[in-house]
Amino acid sequence: MTNTVPNQVNETRPQSTSVRFRRIRKCAVLLTLLATCLYWQRNVLLGRPLRAVVDHQIAARDLESAEQWVQTAQRLLPKNPEFAMLRASVARRSGDMQTVSDALKRAAQLGAPKSDLNREQWLALAQSGQMKQAEPHLAKLLTDLNQDNKEVCEAFVIGYIRTHRTDSALKLLGPWIADSADDATPLLQRARTYQLLSSPKEAESDFRAALEIEPEWNTAQLEYAEFLVRQNRFSDAVEYFQYLLTTESEDDRELPVRIRIGLAECRIAEGSMPEAAALLKTACRMDTTSLDAHLALGRTLVESGKYNDGIKPLLHALDLRPGYDETHFLLAQAYSLNGQRDRAAEHLRIVSVAREALNELDKLNADVLEDPGNAAKLIRGGEIMLMYGDPEEGVLRILTGLEHAPNNTTGLRLLAEHYRKKNLQNESYSKLATEFQQRLKEAVKTGSSQASP
């Protein structure tokens with residue numbers, strides 16, 4: 001008996017090891033199969049939840065978070081065209097048309113449906129104000145039951161507002177508001193339109209209606225407060241600005257700066273110049289690229305008698321937008337009051353030239369309302385804006401002119417030079433600089449002549 005026990009034990013060990021090995025191998029095979037299934041189904045298992053998160057962020061108007069989630073999705077699912085399309089959509093809503101172009105090219109490479117590519121391209125054209133190219137597709141976009149036509153309305157309304165086609169904007173806004181009783185967006189857009197039309201009563205009605213639907217929407221609150229400031233209703237505006245200060249997000253750069261600029265205007269109206277200057281200094285620190293903040297700070301310091309202190313932020317504002325007549329006027333004031341008459345005279349000369357050009361722009365704007373297809377006048381207006389106004393609006397005006405006269409060498413030259421300068425500061429503009437330089441060369445070769453107003 002004593003001799004048989006060890007033999008029995010020895011005989012069972014190989015069997016136990018074999019069983020364990022088979023179990024391990026079976027588990028490995030199952031895990032491999034599971035991993036393979038997960039890999040092949042990753043677009044469903046990961047794609048749907050990620051898409052839902054992005055859609056939620058877009059609905060909440062948190063485009064920065066939406067962009068971050070899209071980038072995460074693209075890292076996890078680099079060959080999924082859906083997220084390239086989503087990136088284009090988020091970028092369009094943010095107004096970043098270069099990223100829209102890049103994202104659509106990537107989506108096309110990944111096999112995105114042509115119908116989706118066309119739709120996003122048409123919406124981008126509309127939102128950027130290139131209405132001649134976008135408008136022929138409006139009816140088709142609005143009647144596509146598989147897509148959100150509210151998104152179409154928003155893109156086209158923004159384009160109409162940017163190109164001062166307020167009548168077209170209002171026509172589209174009416175049905176959109178009627179079909180969206182729980183959506184404040186079209187009401188805010190109509191309030192913006194009524195402001196362009198100098199209809200404060202109607203604008204205020206829409207601001208209030210929008211805030212009744214979404215009382216916590218910071219953008220609507222801020223724009224209403226800024227509207228109240230323009231109406232000289234400073235005590236009413238202060239309540240909104242102070243509330244917004246308590247709810248501002250650290251992740252947002254634009255709204256906190258605008259809040260402080262608006263509140264500073266209210267403090268100036270109250271005679272509290274030191275508090276206004278403190279608010280504006282904070283705004284300038286928060287965003288060193290804010291023209292409005294530096295201009296407001298310079299003006300406040302000059303009006304407070306601190307002429308020398310006001311010169312620095314005004315010179316910075318001039319770097320941000322060379323040629324802007326308001327900045328030159330304030331610098332002329334500051335230098336004159338500071339005893340630097342020669343420098344003051346130099347800036348006053350620029351103001352004189354700028355204001356003469358801006359008077360011409362006013363006439364051009366009136367002409368364009370009567371003749372919206374006049375390419376030469378659109379491009380001349382854009383040129384004046386590039387030199388003395390908002391360069392981005394100037395670019396938009398020139399692009400609108402080029403829709404009607406694609407080979408207008410004046411417009412092409414202006415954009416080629418504009419983007420050449422932009423490219424020196426930011427290489428992301430290299431494609432646009434190259435594109436317009438090439439278009440200019442081709443137009444010159446074909447003998448196109450520049451039109452004159």
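Just after α16, Gly271 takes a positive phi of about 90°. The model is a predicted one, in which local features need pLDDT of at least 70 and side-chain atom pairs count only at pLDDT 80 or more, while totals for chains, interfaces and linings use all residues. Residues are numbered from 1 along each chain as its sequence is written, and side-chain values use heavy atoms, with hydrogens and water left out.

Helices here are DSSP runs (H or I, at least four residues), numbered from the N terminus. Helix α16 covers residues 254–270, and at 1.5 Å a residue its 17 residues should span 24 Å, which agrees with the 25 Å between its end C-alpha atoms; the expected span is 1.5 Å times one less than the number of residues. Among the buried residues of α16 are Leu255, Ile259, Leu263 and Cys266, where buried means under 20% relative accessible area with a 1.4 Å probe, protein chains only. The buried residues of α16 pack against α14, α15, α17 and α18, contact being heavy atoms within 4.5 Å.

Rings of Phe, Tyr and Trp (its six-membered ring) pair if their centres lie within 6.5 Å, and planes under 30 degrees apart count as stacked, over 60 as edge-to-face and the rest as tilted.

| Pair | Centre to centre | Angle between planes | Class |
|---|---|---|---|
| Phe207 and Phe227 | 5.5 Å | 45° | tilted |
| Tyr419 and Phe436 | 5.8 Å | 10° | stacked |

Phe207 lies in helix α13 and Phe227 in helix α14, so their pair ties together parts that are 20 residues apart in sequence. Tyr419 is buried at a relative accessible area of 10%, and Phe436 is buried at 4%.

Terms used:
Helices (H or I, at least four residues) and strands (E, at least two) are DSSP runs, numbered from the N terminus. Buried means under 20% relative accessible area, exposed over 50%, partly exposed in between (1.4 Å probe, protein chains only).
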